[in-house]
Amino acid sequence: MPTLAVYPGSFDPLTNGHVDIITRGARLFDGIVVAIAANAEKAPLFTTEERVEIARAVFKDQPTVEVETFDGLLVDYVARRKADVIVRGLRAVSDFEFEFQMALMNRRLNSKIETVFMMPAEQYTYISSRLIKEVFGLGGRVHGLVPDMVEARLHEKVLAQPTR
Ligand code: PNS
């Protein structure tokens, strides 16, 4: 039986750390669905549609990588997709506590679904979407930390902001 994995997250925005995990997941599983949580953040920088468009463009040449949105409980979405595995990235020990809670709660909600943790390449272990937004917003360089398309979209967002 082919193994389908779901890689859920906010992806606001997609970083090269996410890309690294998705690429590793695509090698390990028969298929991987990048599942963008539609209502995870109250005031996201990128709309759900923008986040989907970016992820689809980045993985356009990888037929085993799908991009979708979901809302409601993650385990219900995973069951609807008939997937077997939830993939989450672990960057540092600081990620562990929250990830451990989520994995065990998800297991309690649906014991058939297994959570698998994957580590990104070392050069991405300190990147998070939150830091990218903060650094970029304050004029810092994020080149090499996010896909080129994300960098371009960040520039567009900043240019689109009304001048104060
Ligand atoms: O990228 P993030 O913000 O760390 O992703 C968190 C996400 C979206 C995976 C998590 O908040 C989630 O699964 N939300 C869906 C609602 C749900 O199932 N909550 C219970 C999780 S134990």
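1. The largest share of the lining of the largest pocket, 9 residues, comes from α4. Helices (H or I, at least four residues) and strands (E, at least two) are DSSP runs, numbered from the N terminus. The model is predicted: local features need pLDDT of at least 70 and side-chain atom pairs pLDDT 80 or more, while totals for chains, interfaces and linings use all residues. Residues are numbered from 1 along each chain as its sequence is written, and side-chain values use heavy atoms, without hydrogens and water.

2. In total, 38 residues line the largest pocket, and Gly9, Ser10, Arg88, Phe98 and Glu99 lie nearest its centre. Two or more lining residues come from each of β1 (4-9), α1 (16-28), α3, β4, α4 (93-109) and α5 (129-137). A pocket is an open set of points on a 1 Å grid over the protein atoms alone, where a 1.4 Å probe fits, with protein on both sides within 12 Å along at least five of seven lines; lining residues have an atom within 4 Å of a point.

3. The lining comprises 19 nonpolar, 11 polar and 8 charged residues. Here Ala, Val, Leu, Ile, Met, Phe, Trp, Tyr, Cys and Pro count as nonpolar, Asp, Glu, Lys and Arg as charged, and the others, Gly among them, as polar.

4. Asp84 lies in the loop between α3 (74-80) and β4 (85-89). Its side chain reaches the backbone nitrogen of Leu4 at 2.9 Å. Asp84 and Ile32 are 52 residues apart in sequence and 10 Å apart in space, C-alpha to C-alpha.

Note on methods:
Polar contact = N/O pair within 3.5 Å; in protein donor to acceptor, adjacent residues only side chain to side chain.
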